[in-house]
Amino acid sequence: MVFYFKSRPEAGDYTIFMGLDKYENEDLIKYGFPEDIWFHVDKMSSAHVYVRLNKGQTMDDMSEGLLEDCAQLVKANSIQGNKVNNIDVVYTPWYNLKKTPSMDVGQVGFHNPKLVRTIKVEKRMNEIVNRLNKTKVERKPDLKAEREAVSAAEKAERKAQLRDKKRREEMERLEKEKQAEIRSYKGLMVQEKMTSNKQIASGSKTLQELEEDFM
């Protein structure tokens with residue numbers, strides 16, 4: 001089971017989601033998207049909360065409002081973190097999550113600690129949590145199938161782009177050959193014309209020769 005929420009309208013049309021339990025989290029870790037940003041209460045047990053950004057966006061494109069929605073939701077879904085103030089919430093891109101065979105279910109590390117950021121949450125904001133919960137939808141998605149479908153579509157798009165690139169390169173090559181052929185033809189015509197003029201000049205008699213013939 002995966003729970004889906006909608007961010008505040010002014011933040012943009014973003015979907016925030018989290019797994020029902022640590023076993024669901026495993027699938028979310030395994031079949032995430034490059035646009036997914038992962039949130040977790042630092043040094044405490046909590047839900048794994050994600051927000052899916054638009055394609056091409058990064059953490060730098062997240063507004064303060066969107067960050068606050070995610071941070072409040074992950075705090076509210078931490079048994080310990082929900083009871084205390086001034087907690088830290090860490091967040092990082094999905095692709096930075098590191099999973100090794102020795103780790104427990106739901107446990108993750110990071111490939112690059114420099115890609116991990118921290119946001120301070122002073123206290124629970126009930127108005128934010130309640131607003132998010134009103135948008136809550138429960139689904140049982142086939143995460144693997146969704147990821148494979150997107151991967152297949154991206155692969156097909158890359159192939160199409162490669163074909164277009166090769167087609168453009170071939171057209172450019174043919175055009176260059178055509179222009180080179182035209183320049184070569186023009187050069188040949190100029191050379192033949194110059195040769196013809198020289199022949200006319202060499203075949204013509206000088207004024208002195210004409211006078212001698214007349215005498």
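Predicted model: local features only at pLDDT ≥ 70, side-chain atom pairs only at ≥ 80, totals over all residues.

Visitor: Where is the place of Asn25?

Guide: Asn25 lies in helix H1, which covers residues 22-30.

Visitor: And what does Asn25 touch?

Guide: Leaving aside residues up to four places away in sequence, Asn25 touches Gly19 and His48.

Visitor: Let us change topic to H3. Which residues are buried there?

Guide: In H3, the residues Ile128, Val129 and Leu132 are buried. They lie on the same side of H3, because the arc they cover around the axis is only 95°.

Visitor: Why would residues a few places apart end up on one side?

Guide: An α-helix has 3.6 residues a turn, so residues three or four places apart point the same way.

Visitor: What does the face turned away from the buried side carry?

Guide: That face of H3 carries the exposed residues Glu127 and Lys134.

Visitor: And what do the buried residues of H3 pack against?

Guide: They pack against strand E1 (2-6), strand E2 (15-19) and H2.

Visitor: How do the axes of H2 and H3 cross?

Guide: The axes of H2 (residues 64-76) and H3 (residues 126-134) come within 9 Å and cross at roughly 90°. The two helices are therefore roughly perpendicular to each other.

Visitor: Which residues meet there?

Guide: From H2, Glu68, Asp69, Gln72, Leu73 and Ala76 meet Ile128, Val129, Arg131 and Leu132 of H3. The residues of this contact comprise five nonpolar, one polar and three charged.

Note on methods
Residues numbered from 1 in each chain as written. Heavy atoms only, no water. Axes fitted to C-alpha atoms, helices over the stretch in contact; angles between N-to-C directions. Helix = DSSP H or I, 4+ residues; strand = E, 2+ residues; numbered from the N terminus. Parallel < 35°, antiparallel > 145°, perpendicular 65-115°, else oblique. Contact = heavy atoms within 4.5 Å. Nonpolar A, V, L, I, M, F, W, Y, C, P; charged D, E, K, R; others polar. Buried < 20%, exposed > 50% of the residue type's maximum accessible area, 1.4 Å probe, protein only. Arc of directions from axis to C-beta.
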